[in-house]
Amino acid sequence: MCGRFVLAASPEQVRDHFSHVEREEFPPRYNIAPTQPIATVRLFEGARHFVLVRWGLVPGWVKDPASFSLLANARGETAADKPSFRTAMRHRRCLVPATGYYEWRAGPDGRKQPYFVRPRAGGLVALAGLWEEWCDPDGGVIDTGALMTVPANAALSHIHDRMPLVIAPEHFDLWLDVKSARPQEIQALIRPAPDDLFEAFPVSRRVNGARDDDPGLLEPERAEEVEAPEAPAKRRKAGQGEGGDGGGQLDLF
């Protein structure tokens, strides 16, 4: 799964990479969590557009979003067949700009250590996303979205068995083309990223709380502090921010 990610690039860098029409201004974010707004890029009338959606897809047929499970991720292998995702998979694909994401690895002592996963060459990646519109009884419209995941590649499978689906720049047009792209062409894009694309390193457990959102979250931890069990950890009470819990949620902008 992918439960947190980072967008620390400047608006100019995002616009240059994704070639969207809008000239949006936004601050760097270092700990984006479900239920928060996320940046997406979609195709409309032949041009790419920058649009904010709430992270947590709500299908249009849902009557009460409050009683519907939060769909932060969609499995790439089954999204085209699942009722919650199949319409978006056919008609509402998007790209989600990111400079990296977090994943948690379970340690031998039961504690979960967060890792930051980022491109080895730096810069941005495009995570594959789906978006939907949900209309309330009064006519209000909410755009929501989910990130797609695939089995982890060999370089990252020791951390977690899933990873976000990454769309390479040469495939942006194909992924965003919901009118003429053939299903088999889209299916061919649903695969793990190359083993040499990302690097991963352990980071502070502060990332477990979504209220922490600062560059310090990306600083590497020393390996011995990560792998070696700590005696005080056995006396910690349950629910103190381990394993990437949601914590408090903040606005993206």
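**The β7–β8 hairpin.** I looked up the turn first. β7 and β8 form a hairpin with five residues between them. Glycine 110 sits in that turn, with a positive phi of about 90°. My strands are DSSP runs of E of at least two residues, and helices are runs of H or I of at least four, both numbered from the N terminus.

**Ground rules.** I am reading a predicted model, where local features need pLDDT of at least 70, side-chain atom pairs count only at pLDDT 80 or more, and totals for chains, interfaces and linings use all residues. Residues are numbered from 1 along each chain as its sequence is written, and side-chain values use heavy atoms, with hydrogens and water left out.

**Pairing.** β7 and β8 run antiparallel and pair over six bridges. Two strands count as paired if DSSP finds at least two bridges between them. I checked one partner: tyrosine 102 bridges to phenylalanine 116 in β8. Next I followed β8 to β13 (residues 198–202); five bridges join these antiparallel strands. Here proline 119 stands opposite phenylalanine 198 in β13.

**Why is strand β8 largely enclosed by the rest of the structure?** I counted burial along residues 112–119: six of the eight residues are buried, so the strand is largely enclosed. Buried means under 20% relative accessible area, exposed means over 50%, and partly exposed lies in between (1.4 Å probe, protein chains only).

**Glycine 107.** This residue lies in the loop between β7 and β8. Glycine 107 is partly exposed, at 27% relative accessible area.

**Which residues line the largest cavity?** I found Tyr101, Glu103, Val117, Ala152, Leu156, Ile159, His160, Arg162 and Met163. β7 (100–106) and β11 (162–164) each supply at least two of the lining residues. The largest cavity has a volume of about 40 Å³. A cavity here is a set of points on a 1 Å grid, over the protein atoms alone, where a 1.4 Å probe fits but cannot get out; lining residues have an atom within 4 Å of a point. The volume is the space filled by probe spheres set on the points, which are joined across faces, edges and corners.

**Whole chain.** I logged five helices and 13 strands. Of the 253 residues, 45% count as buried. For contacts (heavy atoms within 4.5 Å), I took residues at least 6 apart in sequence: 68% of these contacts join residues at least 24 apart.

Terms used
1 Å grid on protein atoms, 1.4 Å probe; cavity = no way out; pocket = protein on both sides within 12 Å on 5 of 7 lines; lining within 4 Å.
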